[in-house]
Amino acid sequence: MDVNMSERLITMLELIRLHRSMSVVDLSQRFEVSEETIRRDIRQLEATGRVVKVHGGVRLSTSTLEPPYQGRVSLNAAAKKEVGEKATELVEDGMTVFIDCGSTSYWFSRMLTKPKKLLVVTNSLDVANEVIGRDDWRLAFTGGQIDPDYRAAFGREAIIQARQFTPDLLFLSIGGIHSDIGLLDFSIDEANFKRSLLDRARRKVVLTDSSKFSGAGSVHLADFDQIDTIVCDKPPEDPLKSALDNAQVEVICSR
């Protein structure tokens, strides 16, 4: 996939995610390319399982829709706990850590009990509830409008408040990871929030179980060279392994 094509496909996925379905005519006009080019793009996206061709257009695949938050927390919970526990080895006393609102980040916050004098910053109600009141820890919650499904704050106000901090470690959950495209998520608001933090953190750490290696997700979050470390349960295989090696991303596995 060439760079320009990747950018168009990523943008197309974002649009389809937003509208749930779009016509070939609308996509052709938006991207200023022929309808046949759009049909070829749709075939490529359909091959990944993210979209489904319909008469005259395309719709989001039901497998691409992210399940409700409580379901995500329990999905692959054992692997997420492993990843969370392994990631705690990166945290030292006195650090400032930002923990995002993903389900793997939630399990990480539950495992993170040993370090002392931490400042934990989060946009997640559940992470905040997990760490509040711990001895000699401080908690900062980024305000803004709360998304009831994600149980987290997104949007302009949340981004402004989050960017006031320069965390030693930024812990991010993701919706999927793709060797050609990079890190993916399901929500434009969530991806925009996470992306806004990348230039603030000293070390960017992605938390993911190996089920995310399938490349699910419909919104581009970041390229591999924008992160430093991935903590996962099982080592990735090629072509993802090569893509991470080429970007000099450190991979830490719990197994």
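Predicted model: local features only at pLDDT ≥ 70, side-chain atom pairs only at ≥ 80, totals over all residues.
Local features need pLDDT of at least 70, side-chain atom pairs count only at pLDDT 80 or more, and totals for chains, interfaces and linings use all residues. Residues are numbered from 1 along each chain as its sequence is written, and side-chain values use heavy atoms, without hydrogens and water.

**View 1. Helices H5 and H6 pack at about 55 degrees.**
H5 spans residues 77–87 and H6 spans residues 103–111. Helices are DSSP runs (H or I, at least four residues), strands likewise (E, at least two). The axes, lines fitted to C-alpha atoms over the stretch in contact, lie 8 Å apart. Contact means heavy atoms within 4.5 Å. Residues of H5, including Lys-80, Val-83 and Ala-87, meet residues of H6, among them Trp-107, Phe-108 and Met-111.

**View 2. Ile-230 sits in the largest nonpolar core, of 34 residues.**
Such a core joins buried Ala, Val, Leu, Ile, Met, Phe, Trp, Tyr and Cys residues through side-chain atoms within 4.5 Å. Ile-177, Leu-183, Phe-224 and Ile-230 touch the most other members. Strand E14 (229–232) and helix H10 (240–246) are among the elements that each supply at least two residues. Beyond four places in sequence, contacts of Ile-230 include Ile-177, Val-206, Leu-244 and Val-251.

**View 3. Phe-98 lies in strand E4, residues 96–99.**
Phe-98 counts as buried because its relative accessibility is 1% (buried is under 20% relative accessible area, with a 1.4 Å probe and protein chains only). Its C-alpha is 8.6 Å from that of Phe-165, 67 residues apart along the chain. Beyond four places in sequence, contacts of Phe-98 include Val-121, Leu-169, Phe-171 and Phe-193.

Technical notes:
Axes fitted to C-alpha atoms, helices over the stretch in contact; angles between N-to-C directions. Buried < 20%, exposed > 50% of the residue type's maximum accessible area, 1.4 Å probe, protein only.
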